[in-house]
Amino acid sequence: MNFEEKEEIDGVRLSWHNVPKSRLQSQHNVVPLTAFYTPYNDKSPVNRLHFQQMQQCRQCRAFLNPFVTIKANQPEVWHCQFCGFGNRLLIAEDGSYSQALNPESTTVEYSTDRSAPLPPIFFYCVDTCFENEDVTEAFAQLKESILLSLSYLPAHALVGLVTFGKHVQLHDLLVPNRSYTFNGAKEYELKTIETILGLNVGMSLHRQQAELSPVAQKFLQPVEYAEYQLSSIIDRLQNNTFPRSQSSQRPERSTGCAVKVSSLVLRAILGNGASAGGHLMCFIGGVATHGPARVVGSQLKEPIRSHHDIDKMLQTHIPNLANGVTKVDSLLYKNAKSFYEQVARSLVDMGICCDIFIGSYDQIGLYEMDDIASATGGAVVMSDSFSTAIFKQSLVKFLRRETSEEVNDELGSEMALNATVECRTTTDLQIQGLIGHATALPLRKDNTFINSSVSPQSIGQGNTNAWKLCGVDPQSTYAIYFDKLDSPQPGFAFIQFSFHYQHPCGEKRVRVTTLPLAVIADSDNQNLELGFDQSAAFIAIARSSIDKLRAHIFNSTKTTYDHTDVVKHLDKVLADYCARFGVYQKKQLDSFRLSNSYSMLPQFMYHLRRSPFIRVFNNSPDETSYIRHIFMHEDVNNSLTMIQPSLLSYDIETFGTEDPETGEPNIDPEPVLLDSMSLGLTKILLLDTFFHILIYHGTTVAQWRKANYHNMEGYEHFKEFLEAPKHEALEILKDRFPLPRFIDCDDGGSQARFLMAKLNPSTSYLTNPNHMYGGQFDVMTDDTSLQSYMMHIQRVAVSR
């Protein structure tokens, strides 16, 4: 069973494609039943149908699909597989049935013939607090990038602009050189913003007519009309830094106030209860030191919080002693979290997603701000400066235009706005929750069939069957966890996802995906193994483990876990997994075996427990928040790359040799194990960790390159050898978002640590008998190797 082909067609990947009949046997399988749903999947064309062909069950509101029951004696009635209710089958004038009944229509999209009341909104929130050389470099490059981004927006899209330093300025797009200034130290409320801007008079009539009032048009204008005025404002922007003692004080930056004012302006324009698809794009160049949600004080002697400080804040029984050093103010972290939780709620209600673009060497407070991006499905891009290629190219990719079959699709199929997803299951499945960039919607109380499909045991965003996604792109993937109940008999269980979204052209659409799960006998281990996707199973375990470590929003009762607790839990899960699916004789360690369908998951688990997603040592809170945010967004394959990076090897001894089968020169790299044994003197290794693309040159290759052999006559073969991994790296960089950091290093160089930290230390100074001198390929670490780890897990499993 090719799981990736199924994923390309329907955008869904399951941990188990075949499930046991009984609930007890499903619980014995250790790995949870999980569906990784990519609603805006663009890997295969989707059959688009007219809204007249859309048919829903009158009782449970499930959509018509190829798996409904149509009896021979009643060909005009279809019976819903979710509730069993009979519905009249609509027949076209030419006598044809809906294409949704075709066997290949497991995923269909309906055009509803309804449009959003307003075009997409792109609201810019730009940091202008720069100093010294950053004014001429980073700030100038930021303004150029923002001006360039305007050309990528649809002509009818609405744009607005807020800039901030110590204070916040909302710019008028109709009158030149006019802006409204807000005190960055204050926390504003909606009524105050409406009064200041005049948005509290005569707005209801315009909202009913789905148009912007004359006052609202000052702050939101179509790009085609406002581009000149907006370009002039951006060109004239000055760095907003107040005088201070540079040797002892940080610049004053009111990030929290700017984000809050931006959300309140949008709320005042749209009105309570109204929603409109769009993006709040925040460009931040430093840490928040002023006003609400500040992360650190303005005095440089006050340190920015670390993971250790956050742990002490969460464990209130441990006294926070200063020991003669200026301590971190614990209230700042808690207040900032609470502040951004309120902003996130407001943005979710409006259907606006918040994207954060960072250009700073130091922390900016992303650990606190990540809530607004995670809850709304926003993107996060972290770079050292706004002048780097990582920022500039990632921004272009974020707003890139692609060719589309439709005339009005200026953004192609790259964005879905103001989106929601709903899940339905048959009676032998229950929904436990969703882990991903979404917010749970209240459970509808008027439909008993929906209520019975929700499990009392919650995972992630649980206790519901519908979630608000806001912003969705073709890579956005959500993990939905299910609880398998007792089935009356072997057969099929069904899951249906309905994805409602606003296309950038303004049309509202619905994409429906229906999946069958084979229900097999409890003793049918052969089919159980055939339906097991160990990659998806592992990412399901990884997401739930990492989710326990994240700072949750909208749920103050969520239990806080320490990373050591999570590591112990992972070890226990793996021991249970090996005991359940391993073949062994009790108490005999050498007899332990795992079949190929189950054998890769222990290796994945080893790399997870030593990854920066779990171990936060040597990472700042912002870095940890960033990589966890990206992990929760990507699909199974990309998530697997983050935890167990891919490693390709080029060897000068075999590069260019003739392939005995094809007769062609062999220039393709060889995939090798992520192990210290893969190092070599004459090798070039290409490491892809998703966040980094690293080219590592062995000692001999590095010496030859430094001797300039590749530029000498007669050494063209060596030049091709050096260029081959660069071409491969460019292919990876071309489609990756955010743009990864590119590293070119040699054996023994400082940058080689990125590779050494990922390798399994099967050869280390602990295993080398000549450890006093060190081997050529020894990894200097005290960490246990994969072999030692698996030996311990096997010993625990066979002793049960």
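UniProt, in an unreviewed entry, places the feature "domain: Gelsolin-like" at residues 666-755; such annotations may be inferred rather than shown by experiment. Over residues 666-755, the chain is 34% helix and 22% strand, and the end C-alpha atoms lie 25 Å apart. Helices (H or I, at least four residues) and strands (E, at least two) are DSSP runs, numbered from the N terminus.

A word on the model itself: it is predicted, local features need pLDDT of at least 70, side-chain atom pairs count only at pLDDT 80 or more, and totals for chains, interfaces and linings use all residues. Residues are numbered from 1 along each chain as its sequence is written, and side-chain values use heavy atoms, leaving out hydrogens and water.

Let us turn to a pair of helices. The axes (lines fitted to C-alpha atoms over the stretch in contact, with angles from 0 to 180 degrees between N-to-C directions) of α10 (residues 366-376) and α17 (residues 621-631) come within 8 Å and cross at roughly 20°. Helix α10 is therefore roughly parallel to α17, a label for angles under 35 degrees. Here L366, Y367, D370, A373 and S374 of α10 meet P621, D622, S625, Y626 and H629 of α17, where contact means heavy atoms within 4.5 Å.

Finally, have a look at I520, in strand β22 (residues 507-520). I520 is buried, with a relative accessible area of 11%; buried means under 20% with a 1.4 Å probe, protein chains only. Leaving aside neighbours within four places in sequence, I520 is in contact with N18, V19, P20, K21, N527 and L528.

How values were computed. Buried < 20%, exposed > 50% of the residue type's maximum accessible area, 1.4 Å probe, protein only. Parallel < 35°, antiparallel > 145°, perpendicular 65-115°, else oblique.
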